[in-house]
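Here is a short briefing to read alongside the model.

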Amino acid sequence: MNFNPEVESKKIERFINEFIEKHGYKGAVIGVSGGIDSAVVLALLVNAVGKAKIKAFILPERDSSRQSIEDAKLVCQHFGVEYRVESITKALSGLGTYKLFPPALFIPEKLKIVYAKNRWNRYDDPYAMDLQNSGDELFLKGIAYYRSKHRIRMCKLYFEAEKLNYCVVGTTNKTELKLGLYVKWGDDSVDIEPIKHLYKTQVFELARYLNVPEKIIKKPPTPDLVPGLTDEEAFGMTYQEIDSILMGLEKEHDLLEKNINDEKYKRIMRLIELAKYREIKSLGIEDAKDER
């Protein structure tokens, strides 16, 4: 699948401008995480609307990695965008999030990561369980725990955006959407998604063209599910493998027969099917009839 970063960049920037103008927004609000997706979207916004019309927020909480906060600052500084760092810890505390897993005081972050990943790995397929909202009591508490963080962040971004008549800009890519790597009513709740048509490997290509800091490009993407867990560990394969399969499915209709016995192909097909749980939004009686 041919991909031209320069052409794609111009197309997305035009799309952003047209969207903002059509809907009467005065600018854009974005949450910057320190990862490659938000870095790419920030760069596109700068090119599209200019630094003065962008409000960037870094929204850490009690469990946030210090390195991620510094990486988010690096991205904003690199593109010359003013940013605010505001903790959402108090909001999460008021919600009751931290009552589910009390703080592990005085324990080094490395040990916390080892503990959390061991807990994740005790299950046969925890990512599939997450997509199905299933599991034992401990696992379900973990789901509620991490998802509340995404939803509070989006509440904060909308609070800031609506005071200024700015749009809230999302950073989810096509690979994440296909495989359900997002939080319903969390990071999918935005006004515009500039890179939702791009696979993750294409986001990496675009990042290099847009001069995203090399440190961010080389940083393993993380899903914010479990401390220290990477996207590829959650999926069980690399992004190159995933996108190769997803692009093949998009291009050819006979892949089922060709790959029916391929374990990675079967894994992707299962995750695509389970990801549909994320797409169900506010069903009413009439909607339920359509589903039957």
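Glu176 and Lys200 meet through their side chains in a salt bridge, 4.0 Å from N to O (a salt bridge being a side-chain nitrogen of Lys or Arg within 4 Å of a carboxyl oxygen of Asp or Glu). Glu176 lies in helix H8 (residues 174-179) and Lys200 in helix H9 (residues 200-209), so the pair ties together parts that are 24 residues apart in sequence; helices here are DSSP runs of H or I with at least four residues, strands are runs of E with at least two, and both are numbered from the N terminus. This is a predicted model, where local features need pLDDT of at least 70, side-chain atom pairs count only at pLDDT 80 or more, and totals for chains, interfaces and linings use all residues. Residues are numbered from 1 along each chain as its sequence is written, and side-chain values use heavy atoms, leaving out hydrogens and water.

**Burial of the pair**
- Glu176 is buried at 9% relative accessibility, and Lys200 is buried at 1% (buried means under 20% relative accessible area, exposed over 50%, partly exposed in between, with a 1.4 Å probe and protein chains only).

**Other salt bridges**
- The whole structure holds 25 salt bridges.
- Glu160 pairs with Arg84 at 3.4 Å between the closest N and O atoms.
- Glu160 is buried at 4%, whereas Arg84 is partly exposed at 39%.
- Shared partners link Arg84, Glu86, Lys156, Glu160 and Lys163 into one network of salt bridges.

**Overall fold**
- The protein has 16 helices and four strands.
- Of its 292 residues, 46% count as buried.
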